[in-house]
Amino acid sequence: MIEKREKRKKIFYVPGMISLVLIPLFCLYHFYKVDAFKVCHGIELYIPHGNEFEEYKFATLRKYKVFNFDGGQLENKKLEEMRLYLRKLRTEKDTINGIRMHFGSGSQYQTFITTLDILFEEEAPTWITNKDDIYVLGSSNTCKKVKDTIEHHVMNCGTGELMRQQAYFEQKK
């Protein structure tokens, strides 16, 4: 004769249930807190319209060191050389020389994007795109250093009302 099986009692493991529910919630909270889901997909880029490029005479403004990117095997070496020359331009605050990068018909899109990344990483002071070229101009002072040296001095005349207004303005700012 076949014996009837007894049903087992279901196990309810409380710490396991807590970890299954709370740990993913804590992870999602942490990811939102550090902006892990933020998608960055833009580059500030200005392309001149009409005769703006010829009007400011960028092509004859400096002595340019030319970097040609035609899709060859030495593009990474050229990019590193361009990065070092740009760094030298920026540190020496050279206003006589500049960089001209020319992208030929065989150059890859990745080379253009890598070039823009280098310009942003090295904080190129002034640069402009024109058709297949990017012109980088050195400058004697960078905007970042000028912003750091500006100090705001406020003179109080000692009256309570003016000091209260100033404190309100600074708090609002």
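Helices (H or I, at least four residues) and strands (E, at least two) are DSSP runs, numbered from the N terminus. In the protein chain there are six helices and four strands, and from the N terminus on they run α-α-β-α-β-α-β-β-α-α. The model is predicted: local features need pLDDT of at least 70, side-chain atom pairs count only at pLDDT 80 or more, and totals for chains, interfaces and linings use all residues. Residues are numbered from 1 along each chain as its sequence is written, and side-chain values use heavy atoms, with hydrogens and water left out.

**The chain as a whole**

A residue is called buried under 20% relative accessible area, exposed over 50%, and partly exposed in between (1.4 Å probe, protein chains only). Of the 173 residues in the protein chain, 24% are buried. Accessible areas come from the Shrake-Rupley method with a 1.4 Å probe, and for residues only the protein chains shown count as cover. The protein chain exposes about 14,700 Å², and carbon and sulfur atoms supply 57% of this area. Contact means heavy atoms within 4.5 Å. Among contacts between residues at least 6 apart in sequence, 66% join residues at least 24 apart.

The expected span of a helix is 1.5 Å times one less than its number of residues. Helix H1 covers residues 14–33, and its 20 residues should therefore span 28 Å; the end C-alpha atoms are 28 Å apart, which agrees. After H1 comes Asp-35, with a positive phi near 55 degrees.

Helix H3 covers residues 75–92, and its 18 residues should span 26 Å; the end C-alpha atoms are 25 Å apart, which agrees. Just after H3, Lys-93 also has a positive phi, of about 55 degrees.

Which residues in H3 are buried? They are Glu-75, Leu-79, Met-82, Arg-83, Tyr-85, Leu-86 and Leu-89. The cover over the buried residues of H3 includes strand S1 (63–69), strand S2 (97–103), helix H4 (109–121) and strand S4 (133–137).

**Aromatic rings**

A pair of aromatic rings is described by the distance of the centres and the angle of the planes. Rings of Phe, Tyr and Trp (its six-membered ring) pair if their centres lie within 6.5 Å; planes under 30 degrees apart count as stacked, over 60 as edge-to-face and the rest as tilted. By this rule the count comes to six aromatic pairs. The ring centres of Phe-31 and Phe-37 are 6.0 Å apart and the planes are at 90 degrees, so this pair is edge-to-face. Phe-103 and Phe-112 also form an edge-to-face pair, with 5.4 Å from centre to centre and 75 degrees between the planes. Ring pairs link Phe-31, Tyr-32 and Phe-37 into a cluster.

Phe-31 is partly exposed, at 37% relative accessibility, and Phe-37 is partly exposed at 46%. In the other pair, Phe-103 is buried at 8%, whereas Phe-112 is partly exposed at 22%.

**Charged side chains**

Side chains of opposite charge can pair when their charged atoms come close. A salt bridge is a side-chain nitrogen of Lys or Arg within 4 Å of a carboxyl oxygen of Asp or Glu. By this rule the count comes to seven salt bridges. The table gives some of them.

| Salt bridge | N to O distance |
|---|---|
| Lys-65 and Glu-81 | 3.4 Å |
| Arg-83 and Glu-80 | 3.8 Å |
| Arg-87 and Glu-122 | 2.7 Å |

Glu-122 is buried, at 7% relative accessibility, while Arg-87 is partly exposed at 36%. Salt bridges that share partners join Glu-80, Arg-83, Arg-87, Glu-121 and Glu-122 into one network.

Within helix H3, Arg-83 and Glu-80 are three residues apart, which means a separation of about one helical turn. Arg-83 is buried at 15% relative accessibility, and Glu-80 is partly exposed at 42%.

Lys-65 has a further partner besides Glu-81. A charge sits over a ring if NZ of Lys or CZ of Arg is within 6 Å of the ring centre and within 35 degrees of the ring normal. Lys-65 lies over the face of Tyr-85, at 4.9 Å from the ring centre. Lys-65 is partly exposed, at 32% relative accessibility, and Glu-81 is partly exposed at 37%.
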